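Open your viewer and get ready to click along.

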Amino acid sequence: MEMLKLSGVAKTFQLHTQGGVSLPVMSGVNLTVSQGECLALTGASGVGKSTLMRMIYGNFKCAEGAILVRHGDEWLDLASAHPHAVLDARRRTIGYVSQFLRVLPRVATLDIVSEPARAQGVPDDAARAHAKDLLTRLRIPEALWSLSPITFSGGEQQRVNLARGFAARYPILLLDEPTASLDAENRQTVIEMIIEAREAGSALVGIFHDLEARKQITTHDLDLTVYAAA
Amino acid sequence: MKTVFSESPLLQAEGIEKRFGRVHACNDVSLDLYPGEVLGIVGESGSGKTTLLNILSGRIEPEAGVVEYAVREGGMRDVHQMGAAERRMLMRTDWAFVHQNPRDGLRMNVSAGGNVGERLMAVGARHYGQIRDTAVDWLQKVEMEAGRIDDLPRTFSGGMQQRLQIARNLVTRPRLAFMDEPTGGLDVSVQARLLDLLRGLVGDLGLAAIVVTHDLAVARHLSHRLAVMRRGEVVETGLTDQVLDDPQHPYTQLLVSSILKA
């Protein structure tokens with residue numbers, strides 16, 4: 001079943017504070033991702049891979065084209081959806097593991113990781129139990145669970161971010177360099193978790209500079225170079 | 001954070017106009033707010049955001065435009081057309097107003113417990129023991145020691161005064177809070193704590209809020225949607241992270257790019 005469909009998506013940044021420079025990034029992007037598939041976005045740095053991921057999450061504005069996600073029983077166009085609909089899609093339908101963790105000080109790691117599941121209505125106990133499993137699997141020592149991850153190392157923060165991304169079962173999951181800054185053991189664990197999610201029927205879109213990981217995880221790829229704006 | 005919103009707004013403003021002499025403080029401002037939603041209003045000082053907050057909360061009259069509020073009994077009521085008694089009742093029960101300076105929202109010559117209890121008595125609570133118990137409960141909710149209940153607010157630090165003001169405002173379980181720079185004037189360490197507390201309370205109580213702030217980090221962490229104001233006009237609105245990460249209007253781009261990274 002098709003889960004994500006982009007058609008005619010274009011992006012141009014208008015830099016008003018820098019002399020009104022207009023920076024076209026891409027145009028005419030079409031893609032489709034179905035359940036059980038993992039699409040790798042490829043192309044050289046600057047081609048707009050992260051930009052496109054952020055547009056699919058509604059974090060960057062999409063002024064041209066349509067970004068359709070299967071949200072419950074209907075298609076929702078994130079390019080034109082009301083902010084409330086985007087928030088609801090993020091709660092129920094689309095997860096996004098970015099490269100950087102952005103959290104409030106003072107909030108415990110366990111609360112951060114269990115929050116997406118609680119937002120989907122999973123009871124507190126079950127959400128915490130699942131979060132503990134994920135943190136254990138990703139080798140975050142139990143002594144750290146009650147602390148804010150703000151002072152954690154880069155690799156630990158990335159794993160907290162991943163645990164949070166996998167805490168809720170999103171039909172669509174976006175992964176921006178999920179294995180970057182991980183040691184060999186954790187990298188393998190993350191690859192396994194992503195494959196499990198894919199085999200369980202999630203539709204995945206990712207950026208993987210890690211070629212070996214890309215080969216194991218993805219089912220097809222899309223080189224954004226062909227959509228580069230002139 | 002709550003992400004499911006009902007179909008009908010809690011507050012709706014249309015075509016708000018206000019001038020102070022030659023200054024156009026609000027120029028055709030329209031916005032809406034849904035139950036449980038937090039709307040951030042950002043912009044530099046002098047952009048009209050506090051004036052707008054005061055108009056939305058019925059504290060000052062607009063020259064033109066309408067502010068409507070969904071009362072508990074059902075239906076939308078024009079905030080500026082209702083009688084003084086009805087508006088006063090709203091301010092005591094359904095609404096909260098958190099001032100930037102806690103001295104403007106607290107009674108400085110009344111004890112901490114009295115400040116919280118007074119709001120309860122205003123809505124009809126009479127049993128002294130229960131009022132005191134509720135006050136203690138709320139002091140703890142805002143992370144103050146129950147032992148300080150009989151102390152006067154002026155013996156408190158700025159951060160504690162601000163937390164006391166929040167307890168005083170939220171004790172009656174309002175549906176809507178107006179906040180004017182709630183973390184302004186506080187040390188950075190105290191700000192983070194207050195922000196975390198506010199976020200938790202808003203989530204737990206299902207409270208809707210309009211938060212005026214010039215601090216984009218506060219806006220990012222508290223609000224679902226943002227409205228950016230400049231010279232009395234709302235120049236951009238949208239999902240908070242989209243407005244901050246991919247700002248469209250030249251002024252929003254300037255605002256976002258002007259922040260110094262620590």
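How many residue pairs are in polar contact between chain B and chain A, with both at pLDDT 80 or more? The count is ten, where a polar contact is a pair of N or O atoms within 3.5 Å; within protein, one must be able to donate a hydrogen and the other to accept it, and residues adjacent in sequence count only if both atoms are side-chain atoms.

Before going on, a word on what you see: this is a predicted model, in which local features need pLDDT of at least 70, side-chain atom pairs count only at pLDDT 80 or more, and totals for chains, interfaces and linings use all residues. Residues are numbered from 1 along each chain as its sequence is written, chains are lettered from A and ligands numbered from 1 in the order in which they are written, and side-chain values use heavy atoms, leaving out hydrogens and water.

**Stop 1: where the chains meet**

Select the chain B residues that touch chain A. There are 28 of them, in contact with 26 residues of chain A (contact means heavy atoms within 4.5 Å). Now colour α7(B), residues 188-205. This helix gives five residues to that side of chain B, the most of any element (helices are DSSP runs of H or I, at least four residues, numbered from the N terminus).

Next, show the side chains of B:Asp246 and A:Lys11. They meet in a salt bridge at 2.6 Å, N to O, and the interface has two salt bridges by the rule (a side-chain nitrogen of Lys or Arg within 4 Å of a carboxyl oxygen of Asp or Glu).

**Stop 2: two domains in chain B**

Colour residues 1-94 + 176-262 of chain B as domain 1 and 108-173 as domain 2; such bounds come from an automatic or database domain assignment. Taken over C-alpha atoms, the centres of these domains are separated by 25 Å.

Notes:
Helix = DSSP H or I, 4+ residues; strand = E, 2+ residues; numbered from the N terminus.
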